[in-house]
Amino acid sequence: HLIGNLLFLLLTGPFLENRWGRSTYLLFYLGAGVAAAGLFAWRDPFGTSALIGASGAIAGAMGAFLVVFATVRIKFAYWLGLFWGTFAVPAWLLMPLWFAHELASARLMDLHGTTDGVAYWAHVGGFVFGAAVAALFRATGLVAQLAGVERPARVDRANVPDTAEPLEAEPETGDAALWAAVARADRAGALQIWKAR
């Protein structure tokens with residue numbers, strides 16, 4: 001369980017921290033943990049089992065990753081005796097499948113009135129919180145502000161003389177451009193931006 005948590009934290013956390021900045025990511029991560037624990041407590045207010053671990057907060061990072069980096073392909077390795085290899089799955093497919101499993105498991109445990117020691121409702125709460133916060137950041141334009149990216153100034157084409165040479169855009173080299181290329185799965189563009197830094 002610990003190794004799985006750390007793997008998904010490594011898979012999602014650094015990218016969100018780079019996109020949003022350390023302080024914002026830390027507040028988001030702690031908020032996801034609180035939201036996860038809150039839903040867990042609401043679903044089982046008289047429960048006596050301890051809620052230990054950070055999987056709810058990590059689920060929040062997974063939900064946010066789904067919104068921010070939906071098209072990124074996540075590479076997996078498999079080993080089945082004599083057969084092994086790798087395959088890639090886009091985040092927009094992997095993360096919702098994981099969430100559906102957690103939600104179904106939570107409902108199943110509720111229906112049977114049992115528990116297997118996993119806080120499924122905490123995972124559900126964290127994931128929903130993470131996706132909602134990332135969607136809010138995107139809808140309000142906070143992602144660009146948090147990354148320190150300034151929107152380019154508009155050029156008033158009416159005041160540019162006809163004899164002027166066409167304006168050429170400066171190539172983007174910042175973190176936002178790099179992560180935008182990663183989100184588009186544009187490997188060549190991401191490498192070019194990385195080398196130009």
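Helices here are DSSP runs of H or I with at least four residues, strands are DSSP runs of E with at least two, and both are numbered from the N terminus. By that count, the protein chain has eight helices and two strands, and along the sequence they follow the pattern α-α-α-β-β-α-α-α-α-α. This is a predicted model, where local features need pLDDT of at least 70, side-chain atom pairs count only at pLDDT 80 or more, and totals for chains, interfaces and linings use all residues. Residues are numbered from 1 along each chain as its sequence is written, and side-chain values use heavy atoms, with hydrogens and water left out.

**The whole chain**
- Of the 197 residues in the protein chain, 32% count as buried (buried means under 20% relative accessible area, exposed over 50%, and partly exposed in between, with a 1.4 Å probe and protein chains only).
- Take the contacts (heavy atoms within 4.5 Å) between residues at least 6 apart in sequence: 62% of them join residues at least 24 apart.

- Strands β1 (residues 73-80) and β2 (residues 83-90) run antiparallel and are joined by eight bridges; strands pair if DSSP finds at least two bridges between them.

**Helix α2 against helix α5**
- Two packed helices are described by the angle between their axes and the distance between the axes.
- The axes of α2 (residues 22-43) and α5 (residues 120-140) come within 7 Å and cross at roughly 140 degrees; axes are lines fitted to C-alpha atoms, for helices over the stretch in contact, and angles run from 0 to 180 degrees between N-to-C directions.
- That makes α2 and α5 oblique to each other (under 35 degrees counts as roughly parallel, over 145 as roughly antiparallel, 65 to 115 as roughly perpendicular, and the rest as oblique).
- Among the residues making the contact are Phe28, Leu39 and Phe40 of α2, along with Trp121, Phe129 and Phe137 of α5.
- The residues of this α2 and α5 contact split into 12 nonpolar, five polar and one charged; Ala, Val, Leu, Ile, Met, Phe, Trp, Tyr, Cys and Pro count as nonpolar, Asp, Glu, Lys and Arg as charged, and the others, Gly among them, as polar.

**Helix α3 against helix α5**
- The axes of α3 and α5 come within 6 Å and cross at roughly 35 degrees, and this crossing is right-handed.
- Contact residues include Ala59, Met62 and Leu66 of α3, and His123, Phe127 and Arg138 of α5.
- The residues of the α3 and α5 contact come to 11 nonpolar, seven polar and one charged.

**Two buried residues**
- Thr12 lies in helix α1 (residues 2-20) and is buried, with a relative accessible area of 0%.
- Beyond its neighbours within four places in sequence, Thr12 is in contact with Ala61, Met62, Phe65 and Met95.
- Val72 lies in the loop between α3 (55-68) and β1 and is buried, with a relative accessible area of 12%.
- Leaving out neighbours within four places in sequence, Val72 is in contact with Phe65, Val89, Pro90, Ala91, Val182 and Ala183.
- Val72 and Asp186 are 114 residues apart along the chain, and 9.6 Å separates their C-alpha atoms.

Methods. Left-handed = near helix turned anticlockwise from the far one by under 90°.
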